[in-house]
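Subject: Structure handover and notes on helix packing

Dear colleague,

I am passing on the structure below, together with notes on what came out of going through it. Please read the notes with the model open beside you.

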Amino acid sequence: SESASAMAGSDLIEKLTEWFMDDDTGVEGFVEEFAKAHKDIFDLDQEENKLEYTTVYQDFQNKFEAKLEGFLAANGYTTEQMVDACKAQVNNEGAMGIDIVGVILATLEYDVFLQMMHDAKTRFA
């Protein structure tokens, strides 16, 4: 049997996923539009990260975190619970993409954000 925190975590991921996919919240659309709008700044063939990347990353973090905080507050979750649930999810599945867990981790970790932008470049080419 799963531990209570693991079950609470999967419940949280489920609610987050619904929120992310819901057209009324527009979150998935926001992420895709953001990626499309900024993907051309990112050069996949360059090793070095430009300063611009950090600026875009911070812009994304600020905008997405504002949306996320609203969701967490409305559902009575803490940021820590969400981060733990996302990390557990990645450990279980190992897969990432433009899904809620991938996007949340992209707001927390620069490398994951860069990967998301690279995926967007390929996906929305």
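This is a predicted model: local features need pLDDT of at least 70, side-chain atom pairs count only at pLDDT 80 or more; totals for chains, interfaces and linings use all residues.

T107 has a relative accessibility of 1%, and because buried means under 20% relative accessible area, T107 counts as buried. Once its neighbours within four places in sequence are left aside, T107 is in contact with Y57, F60, Q61, F64 and E65.

V103 also has its place in helix 5, and with a relative accessible area of 0% it is buried. Its C-alpha atom is separated by 13 Å from that of Q89, a residue 14 places away along the chain.

The packing of helix 5 against helix 3 comes next. Helix 3, which covers residues 51–75, and helix 5, which covers residues 100–108, pack at an angle of about 125 degrees, and their axes are 9 Å apart. The two helices are therefore oblique to each other, and helix 3 passes helix 5 in a left-handed crossing. On the side of helix 3 the contact is made by Y57, F60, Q61, F64, E65 and L68, and on the side of helix 5 by I100, V103, I104, A106, T107 and L108. Sorted by class, this contact of helix 3 with helix 5 has nine nonpolar residues, two polar ones and one that is charged.

Helix 5 also packs against helix 6, and here the axes come within 6 Å and cross at roughly 125 degrees. Helix 5 and helix 6 are therefore oblique to each other, and helix 5 passes helix 6 in a left-handed crossing. The contact is made by G102, V103, L105, A106 and L108 of helix 5, together with Y110, V112, F113 and M116 of helix 6. The residues of this contact of helix 5 with helix 6 divide into eight nonpolar, one polar and no charged.

By class, the contact of helix 3 with helix 6 has eight nonpolar residues, one polar residue and no charged residues.

The aromatic residues deserve a paragraph of their own. A search of the whole structure finds eleven aromatic pairs. In one of them, F30 and F60 are stacked, at 6.0 Å centre to centre and with 5 degrees between the planes. This pair links distant parts of the chain, since F30 is in helix 2, which covers residues 27–38, and F60 is in helix 3, 30 residues apart. Both F30 and F60 are buried. F34 and F60 form another aromatic pair, this one tilted, at 5.1 Å centre to centre and with 55 degrees between the planes. F34 lies in helix 2 and F60 in helix 3, so the pair ties together parts that are 26 residues apart in sequence. F34 counts as buried at 5% relative accessibility, and F60 counts as buried at 0%. One aromatic cluster is formed by W19, F30, F34, F42, Y53, Y57, F60, F64, F71, Y110 and F113.

One further residue of helix 2 is H38. With a relative accessible area of 18%, H38 is buried, because the cut-off for buried is under 20%. Not counting residues up to four places away in sequence, H38 touches V56, D59 and M117.

Key
Residues are numbered from 1 along each chain as its sequence is written. Side-chain values use heavy atoms; hydrogens and water are left out. Axes are lines fitted to C-alpha atoms, for helices over the stretch in contact, and angles run from 0 to 180 degrees between N-to-C directions. Helices (H or I, at least four residues) and strands (E, at least two) are DSSP runs, numbered from the N terminus. Angles under 35 degrees count as roughly parallel, over 145 as roughly antiparallel, 65 to 115 as roughly perpendicular and the rest as oblique. A crossing is left-handed if the near helix is turned anticlockwise from the far one by less than a right angle, and right-handed if clockwise. Contact means heavy atoms within 4.5 Å. Ala, Val, Leu, Ile, Met, Phe, Trp, Tyr, Cys and Pro count as nonpolar, Asp, Glu, Lys and Arg as charged, and the others, Gly among them, as polar. Rings of Phe, Tyr and Trp (its six-membered ring) pair if their centres lie within 6.5 Å; planes under 30 degrees apart count as stacked, over 60 as edge-to-face and the rest as tilted. Buried means under 20% relative accessible area, exposed over 50%, partly exposed in between (1.4 Å probe, protein chains only).
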